[in-house]
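Hello,

Here is the structure I promised to pass on. Please open it next to this email and follow along.

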Amino acid sequence: GRLGHGDLLGALREAHVFVFPSRWHCEGHSNALNEAMQMGLPVVASKQGFSADVVSPDCGRLLDVPSAEAIAAAVTDLAGDWNALVACGRSARERVYAEFTDAVALARLEAVYRELLAPR
């Protein structure tokens with residue numbers, strides 16, 4: 001069910017992996033992915049919508065089909081190598097701060113507008 005912000009952060013702090021098995025073909029750039037990655041969690045996600053653009057291979061595992069079996073296999077794979085799990089979490093955190101902060105997004109948007117408005 002729905003968690004308050006404090007409870008959500010507590011749950012993320014206790015987790016080792018974040019699973020995001022969306023079946024929605026038009027999945028946008030989910031804040032849930034950003035929040036989990038910001039907490040340093042490796043991600044197991046389906047390749048729906050923008051999830052594959054957010055979760056790079058070094059941040060976790062992307063699933064073609066988010067079946068229970070595929071999710072279990074991905075989590076088991078990550079859990080089988082603690083050093084790799086930690087490295088994925090570190091990469092996830094670094095990726096969020098390098099690619100998806102407000103400052104980065106606004107700078108990219110501004111660059112697009114400047115290009116569109118530049119005299120030709």
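**Where α2 meets α5**

Start with the contact between two helices. From α2, the residues Asn34, Met37 and Gln38 take part. On the α5 side they meet Ala92, Arg93, Arg95, Val96 and Tyr97. Sorted by type, the residues of this contact are four nonpolar, two polar and two charged.

Keep in mind that this is a predicted model.

Now the geometry. Helix α2 covers residues 31-38, and helix α5 covers residues 82-99. Their axes come within 7 Å and cross at roughly 120°. That angle makes α2 oblique to α5. The crossing of α2 past α5 is left-handed.

**An aromatic pair**

How many aromatic pairs does a search of the whole structure find? It finds one. The partners are Phe18 and Phe20, with ring centres 6.3 Å apart. Their planes lie at 20°, so the pair is stacked. The cut-off for stacked is under 30 degrees.

Are these two residues buried or exposed? Phe18 is buried, at a relative accessible area of 17%. Phe20 is buried too, at 13%. Buried here means under 20%.

**Ser51 and its contacts**

Phe20 turns up again beside Ser51, as one of its contacts. Ser51 lies in helix α3, residues 51-54. Ser51 is buried, with a relative accessible area of 0%. Which residues does Ser51 touch, leaving aside its neighbours within four places in sequence? They are Phe20, Glu27, Leu33, Ser46 and Leu62.

Best wishes

Note on methods: Residues are numbered from 1 along each chain as its sequence is written. This is a predicted model: local features need pLDDT of at least 70, side-chain atom pairs count only at pLDDT 80 or more; totals for chains, interfaces and linings use all residues. Side-chain values use heavy atoms; hydrogens and water are left out. Axes are lines fitted to C-alpha atoms, for helices over the stretch in contact, and angles run from 0 to 180 degrees between N-to-C directions. Helices (H or I, at least four residues) and strands (E, at least two) are DSSP runs, numbered from the N terminus. Angles under 35 degrees count as roughly parallel, over 145 as roughly antiparallel, 65 to 115 as roughly perpendicular and the rest as oblique. A crossing is left-handed if the near helix is turned anticlockwise from the far one by less than a right angle, and right-handed if clockwise. Contact means heavy atoms within 4.5 Å. Ala, Val, Leu, Ile, Met, Phe, Trp, Tyr, Cys and Pro count as nonpolar, Asp, Glu, Lys and Arg as charged, and the others, Gly among them, as polar. Rings of Phe, Tyr and Trp (its six-membered ring) pair if their centres lie within 6.5 Å; planes under 30 degrees apart count as stacked, over 60 as edge-to-face and the rest as tilted. Buried means under 20% relative accessible area, exposed over 50%, partly exposed in between (1.4 Å probe, protein chains only).
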